[in-house]
Amino acid sequence: MSQIALVTGAAQGLGFAIAGRLFAAGHSVVITDLSLERARAAADRLDPSGERSLALQLDVASKADFEAALGATLERFGALHAVVNNAAMTLTTPVMQISPEEFDRVLSLNTRSVFVGCQVFGAHMAAAGYGRIVNLASLAGQNGGTATGAHYAASKGAIVTLTKVFAKELAASGVTVNAIAPGPIESPAVRAAIPPERMDGLLANIPVRRLGDADFVGDLIVQLTRPEAYFTTGATWDVNGGLYMR
Ligand SMILES: NC(=O)c1ccc[n+]([C@@H]2O[C@H](COP(=O)([O-])OP(=O)(O)OC[C@H]3O[C@@H](n4cnc5c(N)ncnc54)[C@H](O)[C@@H]3O)[C@@H](O)[C@H]2O)c1
Ligand SMILES: CC(C)C1=CC=C(C(=O)O)C(O)[C@H]1O
């Protein structure tokens, strides 16, 4: 079944890879990001003809932006079947140095955005009787994190919980809600955070000794958004090279 899928924070990194795999699977994709210009550039790279894509500005800190994105998607494609709540910020401040304001900023961007995304898109999907929502959590949300900050880890742990809450709420309406918990994935964010001289140390700590593949994360999401994936909901799918065992 060809679907209409929306991805937040899709101008780069995992979000762009996820949008790319959804597009390659035959779906129409709504590429959203903080900057409309960057969302448009990403949509042009993926779909130069523009036939199966739409670029939108969506600041995940704004509920009004989520509502406007839903409206624009329905206007263009007439439906919305799948949503990937991907956008987040990663800060690496040591826990004892995080100010309350910085803590609030990370929780508000990373966690409240998933809450609002599940509410706004989930309500529409429940009314339509079908939907697939996938939230980007993180290994850091399961094990407390190492390279990332405590606020980031806490924000991602809360996404695992919110995924279960919305899965229970929406299950009877034909809407599934799952999370993906990646460890370090080959991505601009990881390359920026880990200088080349520290990369060997990072890899030595990963049981499979490699970074993860963003396209694989996208392919897993393609599977989770299929109608046939109706029997997995509230789950957190680990993609971490065995790091959770450590
Ligand atoms: N890269 C990894 O190894 C890794 C590992 C585990 C989890 N994750 C998760 O995967 C997701 C994507 O990570 P990434 O590494 O690609 O990140 P990234 O920083 O490369 O990309 C994040 C995207 O989100 C956008 N964004 C930031 N603030 C926004 C806002 N307010 N509204 C809308 N968009 C906004 C950015 O413009 C950017 O395009 C995040 O949720 C991250 O926590 C990534
Ligand atoms: C800081 C970098 C290596 C990094 C590690 C782990 C992540 C995670 O969520 O588990 C990241 O998002 C990431 O950028």
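## Ligand surroundings and salt bridges

Of the 26 residues around ligand 1, those that come nearest are Gln12, Asp33, Asn86, Tyr152 and Lys156. The model is a predicted one, and the contacts described below are computed from its atoms.

Polar contacts to ligand 1 involve both backbone and side-chain atoms of the protein. A polar backbone atom of Asn86 is placed 2.7 Å from an oxygen atom of ligand 1. The backbone also takes part at Ile185, where an N or O atom lies 2.8 Å from an oxygen atom of the ligand. At Ser187 the contact comes from the side chain, with an N or O atom 3.0 Å from a nitrogen atom of ligand 1. Taken alone, ligand 1 exposes 830 Å², and 89% of that area is buried by the protein. The site of ligand 1 is the largest pocket.

Ligand 2 likewise sits in the largest pocket. The residues around ligand 2 are Thr90, Ser138, Ala140, Ala147, Thr148, Tyr152, Pro182, Val190, Ala193 and Ile194. This shell divides into 7 nonpolar and 3 polar residues, with no charged residue. For Ser138, a side-chain N or O atom is 2.5 Å from an oxygen atom of the ligand. For Tyr152, a polar side-chain atom lies 2.6 Å from an oxygen atom of ligand 2. On its own, ligand 2 has 350 Å² of accessible area, of which the protein covers 87%.

Side chains of opposite charge can pair when their charged atoms come close. In the present model the count comes to 4 salt bridges, among them the pairs described here.

Asp33 is buried, its relative accessible area being 9%, whereas Arg38 counts as partly exposed at 36%.

A salt bridge also joins the side chains of Glu186 and Arg191, with an N to O distance of 2.7 Å. Glu186 has a relative accessible area of 39% and is partly exposed. Arg191 is partly exposed as well, with a value of 44%.

In the pair formed by Arg226 and Glu228, the closest N and O atoms are 3.6 Å apart. Arg226 is partly exposed at 37% relative accessible area.

Definitions and conventions
Residues are numbered from 1 along each chain as its sequence is written. Chains are lettered from A and ligands numbered from 1 in the order in which they are written. This is a predicted model: local features need pLDDT of at least 70, side-chain atom pairs count only at pLDDT 80 or more; totals for chains, interfaces and linings use all residues. Side-chain values use heavy atoms; hydrogens and water are left out. Buried means under 20% relative accessible area, exposed over 50%, partly exposed in between (1.4 Å probe, protein chains only). A residue is near a molecule or strand if one of its heavy atoms lies within 4 Å of it. A polar contact is a pair of N or O atoms within 3.5 Å; within protein, one must be able to donate a hydrogen and the other to accept it, and residues adjacent in sequence count only if both atoms are side-chain atoms. Accessible areas come from the Shrake-Rupley method with a 1.4 Å probe; for residues, only the protein chains shown count as cover. On a 1 Å grid over the protein atoms alone, a cavity is a set of points where a 1.4 Å probe fits but cannot get out, and a pocket is an open set with protein on both sides within 12 Å along at least five of seven lines; lining residues have an atom within 4 Å of a point. A molecule sits in a cavity or pocket if more than half of its atoms lie within 2 Å of its grid points. Ala, Val, Leu, Ile, Met, Phe, Trp, Tyr, Cys and Pro count as nonpolar, Asp, Glu, Lys and Arg as charged, and the others, Gly among them, as polar.
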